[in-house]
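Biologist: Could you take me through one part of this model in some detail? I'd like to hear about the aromatic ring pairs.

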Amino acid sequence: MKISLVIAVYNEEEKIKGLLDSVLKLDYQTSDFEVCIVNDGSIDKTGEVCEKWKDNHSELSVKYKKLESNVGRRKARELGAKMASYENILITDARCELFPDTLSNIREINYEPLVGNVIQKYAGYLPRVFFLIRKKLFKGSLGESFEDIFINKQNFDSVSKGTTLFFVDRNRFINNQPKEEGRYVNEDTGILSLIVREKKILKTAKVKCLYSQRENLFEEMRHLFHRGPRFIFHYYQPSKRYFFSINIILVVTFLAIILAMFGFLAKIFIVLILVDVIFSFYFSEKLRDFYIFLIVLPPLVCAFFAGII
């Protein structure tokens, strides 16, 4: 099986080399895969890192394209897919590192479309916070080991998924790009929701990568602020799993603002503390988790819903 690795990268000078160096450790015949890198208008030293790596590894088939401006990850990945020489493409993220058996396990499974298992690389407090939240929301499809799951239209919203590590037929990927344009389009969910109409998507723990989660609280808040509208774009529909919950949160937020204007700020603050305690207890597995959630959950939630509002 011949595979094209498709990597779209923007301003990841500190992370991209980790991914590229992991490619060198793949236990896969070098003649059976290629690397397609699309530099999405990076303004840091990402381009220098990629070009130097390409020049230093002539034993590999590497295609590199530098875009003059930032067009967004979805378009950059689509361009990378069109650059690919092979029918099978593996899309991955610049913040990932592949395991040596990533491609060989894909060949053994021999099924597409396939969503791989993204394992957090660092054990810092923020990666653990997001892991525990996802573990509650998507039971049975997270962690280093779980049973294979076929994602279909019925269970689509209840299984952890994404295109951080995504193996798919090149034409299937190109032909299922969302028609909607804009920075707030949820590209991952949009693409997968179109593909699942054609064919079930396999979620497996056998194909995996390490992912470097952001560990700076303010950097993560900024990321969540921009991710909020993308979440709403897909999930704020009556038929979706989180539609009722989102409405409740928006109504409560609106009422809290109104009550604060009429002098009930202290009471609202007490209620919010209680809510923070309840959710911190719900998501935590250890006492240390509980204390961390108490501190970081309020700013993260505020950043996420500020982006939505």
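Modeller: Here is a walk through the ring pairs, with two of them taken up one by one. Bear in mind that this is a predicted model, where local features need pLDDT of at least 70 and side-chain atom pairs count only at pLDDT 80 or more, while totals for chains, interfaces and linings use all residues. Residues are numbered from 1 along each chain as its sequence is written, and side-chain values use heavy atoms, with hydrogens and water left out.

The structure has six aromatic pairs, counting rings of Phe, Tyr and Trp (its six-membered ring) whose centres lie within 6.5 Å; planes under 30 degrees apart are stacked, over 60 edge-to-face and the rest tilted. One of them joins Tyr111 and Phe150 edge-to-face, at 5.4 Å centre to centre with 85° between the planes. Tyr111 sits in the loop between helix 4 (102–109) and strand 6 (114–120) and Phe150 in strand 7 (residues 149–151), so this pair ties together parts 39 residues apart in sequence. (Helices, H or I of at least four residues, and strands, E of at least two, are DSSP runs numbered from the N terminus.) Phe150 is partly exposed, at 40% relative accessible area; buried is under 20%, exposed over 50% and partly exposed in between, with a 1.4 Å probe and protein chains only.

Now take Phe283 and Phe293, which are stacked: 5.7 Å centre to centre, 20° between the planes. Phe283 belongs to helix 10 (residues 265–283) and Phe293 to helix 11 (residues 287–308), so the pair ties together parts ten residues apart in sequence. Phe283 and Phe293 are both buried. Ring pairs also link Phe283 and Phe293 with Phe279 and Tyr282 in a cluster.
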